[in-house]
Amino acid sequence: MKYKSQLRRQTNGQIFAIPMVLGVLSIVGLVSALVGDGVWDGVSWATLAIPILLCGYFFLKRS
Amino acid sequence: MLMLCITGLPLIFHHEIDHLLHEEVQAAPVPEGTPRANLDLIVKNSLSKDPGMVPHFLIWDPDDANALMVSIGKTLEANPVDNRIVRVDAHTAAYLDAPDVTGRFTYIMLKLHTDMFAGLPGKLFLGLMGILFCVAIISGIVVYAPSMRKLKFGTYRRDRLRVVRWLDIHNVTGIVLVMWMLVVGFTGVINTWAELVIKVWQFGQLAEMTAQYKDKPLPANPSSIDAAVQVAIKAEPNMRPAFVAFPGTIFSSKSHYAVFMRGNTPLTAKLLKPALIDAETGGLTDSRNLPWYVATLLISQPLHFGDYGGMPLKIIWAILDIITIAVLITGLYLWLRRRQSGVSIERVVIDASASDHRPAYTS
């Protein structure tokens, strides 16, 4: 079947590359609304919405 | 943890829920620039329906510029948690209302969420649960690696057995939310230490600032509160008052009005700076930034509540909370399943994969 079981063993670096980026984005989002209003709030909404959109994408996409 | 996530959900919107469920006497609408009432009169009026009670704190309502709140207790020594909050009109000094909040839905949720009606021990217990939650998240990161060795990020095997699907849900939701969960979890833990942090400040910095007043009794003829706030504003012209702690309360000495000033950005609004005003002479005694441990507590609060970026942030917070509930439920299921069968989830998944080598009839 096609769940990439043909994928070669990934290193920890490969496994955690995307999660690291998401983690940094989360921190940016958490801090930015603290720093200021207006644009800063917007940055916060955008970055913190990413995990939600990703969950929606992975679970709802038709394979 | 599940209980904390569920009770926390309505608390994100506690202000809106209270507004919806409970009538509130509104302050009179006034044109901009209307002079504000004398604060001494406001405090006096707040006691008009409860003679004999004493004011602990005078608080500027962060959500309503037209109202002030006075927290009054039976005695100065009474625990402020049991105080009544009287709302007073900021311009006319008229008594608005003093709602009993203890029967409210949001109050019950708050108590369940913070101490389960068990006071400080309850808080510290929930704090310990919070620490375990953070430990569980970190162990989750550790086991994420072997589990994803041969899978692409975000894999969801929708046509497999439930145990495989739920493992995928747990992995995907857990890893994309990991930083948010850690921050909200850990700042929640810090909040459970609030009472201890305030005590340390009281016996540390506050005692130091008021050392020469140590053995003085409460002032017999306290000076004007309004004047004290003016002195504080003069000392910190770029800040606004957040609240005043009266002499003899937990946030002040016996001889001072402690005027806690706030800045104007979301961050500096949380980092309060107390100005201590001698309650006999009305002069400024000292004004210092709060020490790092109180500052940490004050910064932890918005990061836990999610109330610092308007309604969109609250909605995002609520959705992230719901996804966290999914992480917890799938995690619990996987753990129970493993305990029952005595077989590791990896084993189950491999067995399930083996059965997928049957002729493929799914697309």
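**Exercise 1. Find which residue of β6(B) stands opposite B:A245.**

Step 1: Know the ground. This is a predicted model, where local features need pLDDT of at least 70, side-chain atom pairs count only at pLDDT 80 or more, and totals for chains, interfaces and linings use all residues. Residues are numbered from 1 along each chain as its sequence is written, while chains are lettered from A and ligands numbered from 1 in the order in which they are written.

Step 2: Locate the strands (DSSP runs of E, at least two residues, numbered from the N terminus). β5 of chain B covers residues 240-245, and β6 of chain B covers 256-262. They pair (DSSP finds at least two bridges between them). Here there are 5 bridges, in the antiparallel sense.

Step 3: Read off the partner. B:A245 faces B:A258.

**Exercise 2. Name the strands at the edges of the sheet in chain B.**

Step 1: Write the order. The open sheet has 8 strands, β4-β3-β2-β1-β5-β6-β7-β8 (chain B), with antiparallel pairing.

Step 2: Take the ends. β4 (95-97) and β8 (284-287) of chain B each have a single partner strand, so one side of each lacks a neighbour in the sheet.

**Exercise 3. Describe the side of chain B that touches chain A.**

Step 1: Count contacts (C-beta atoms, placed from the backbone, within 7 Å). 37 residues of chain B are in contact with 33 residues of chain A.

Step 2: Find the main contributor. α12(B), a helix (a DSSP run of H or I, at least four residues), gives the largest share, 7 residues.

Conventions:
Contact = placed C-beta atoms within 7 Å. Nonpolar A, V, L, I, M, F, W, Y, C, P; charged D, E, K, R; others polar.
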